[in-house]
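Keep the structure open beside you as you read.

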Amino acid sequence: MSKVGELRIVLLFVLVVIALTACAEPDDESTESIVGSWVWIESIGGFGGLVETPDSTGESHRVVFEANGEVTFYTNEDVFLSSTYSLGIDKTIFAEEWLPVVYVEDSSFMYAYSFPNIGQLELKENVSDGFAHLYDRE
């Protein structure tokens, strides 16, 4: 086989690997996946620019996003809201460009979401006096 033929085979192999990697579903433990259990760290927002934490409120919060589209919000280990969710890209009040969002079926909010640090999830309520909620992966 000629060098050109060998180079074509190697190039084809590299392209196949890249294509398969690009099409792969994110792992549930990936830092880029909303799926998982998240423990509340702090919330910042409201008209007064409040900062709330488990220490300042005396409450614990947790949210669990299941791979099957179910979501459960907990306050002090009691279910606050159990619903379904879907992910999308939408126009928000936070930026000119469209952002990743999570729609919670039985909630009045659409949340812009991001992963500000490895193992962290931020959910921002898409309203002018809303809160940005920061969670750590459990």
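The largest pocket has a volume of about 430 Å³. A pocket here is an open set of points on a 1 Å grid over the protein atoms alone, where a 1.4 Å probe fits, with protein on both sides within 12 Å along at least five of seven lines; lining residues have an atom within 4 Å of a point. The volume itself is the space filled by probe spheres set on the points, with grid points joined across faces, edges and corners. There are 20 lining residues, and those closest to the centre of the pocket are Phe73, Phe80, Tyr111, Glu125 and His133.

A word on the ground rules: this is a predicted model, local features need pLDDT of at least 70, side-chain atom pairs count only at pLDDT 80 or more, and totals for chains, interfaces and linings use all residues. Residues are numbered from 1 along each chain as its sequence is written, and side-chain values use heavy atoms, with hydrogens and water left out.

Back to the pocket. Its lining splits into 10 nonpolar, 6 polar and 4 charged residues (Ala, Val, Leu, Ile, Met, Phe, Trp, Tyr, Cys and Pro count as nonpolar, Asp, Glu, Lys and Arg as charged, and the others, Gly among them, as polar). At least two lining residues come from each of β1 (36-45), β3 (61-65), β4 (70-75), β5 (78-90), β8 (120-125) and β9 (131-137).

Those strands belong to a fold with 2 helices and 9 strands, counted as DSSP runs (H or I, at least four residues, for helices; E, at least two, for strands) and numbered from the N terminus. Going along the sequence, the order is α-β-β-α-β-β-β-β-β-β-β. Of the 138 residues, 35% are buried, where buried means under 20% relative accessible area, exposed means over 50%, and partly exposed is in between (1.4 Å probe, protein chains only). The protein exposes about 8,900 Å², with 58% of that supplied by carbon and sulfur atoms; the areas come from the Shrake-Rupley method with a 1.4 Å probe. Among contacts (heavy atoms within 4.5 Å) between residues at least 6 apart in sequence, 37% join residues at least 24 apart.

Here's how some individual residues compare with those accessibility cut-offs.

| Residue | Relative accessible area | Class |
|---|---|---|
| Threonine 92 | 7% | buried |
| Histidine 133 | 14% | buried |
| Threonine 72 | 15% | buried |
| Serine 60 | 31% | partly exposed |
| Asparagine 76 | 36% | partly exposed |
| Glutamate 77 | 51% | exposed |

Which side chains does histidine 133 meet in polar contacts? One is serine 43, at 2.6 Å, and another is glutamate 125, at 2.8 Å. A polar contact is a pair of N or O atoms within 3.5 Å; within protein, one must be able to donate a hydrogen and the other to accept it, and residues adjacent in sequence count only if both atoms are side-chain atoms. Histidine 133 sits in strand β9, and its C-alpha is 5.5 Å from that of glutamate 122, 11 residues away along the chain. Setting aside neighbours within four places in sequence, histidine 133 touches Trp40, Glu42, Ser43, Leu121, Glu122, Leu123 and Glu125.

Threonine 92 is a loop residue, found between β5 and β6 (99-104). Its side chain reaches the backbone nitrogen of phenylalanine 94 at 3.2 Å. Not counting residues up to four places away, threonine 92 is in contact with Leu99, Val101, Met110, Ala112 and Asn126.

Over in strand β4 is threonine 72. Beyond four places in sequence, threonine 72 contacts Arg62, Val63, Val64, Val79, Leu81 and Ser82.

Most residues other than glycine have a negative phi. Asparagine 76, though, has a positive phi near 50°, and glutamate 77 has a positive phi of about 70°.

What does serine 60 touch, not counting residues up to four places away in sequence? Tyr74, Thr75, Asn76 and Glu77 are its contacts. Serine 60 itself lies in the loop between α2 (54-57) and β3. Its C-alpha is 8.0 Å from that of tyrosine 74, which is 14 residues away in sequence.
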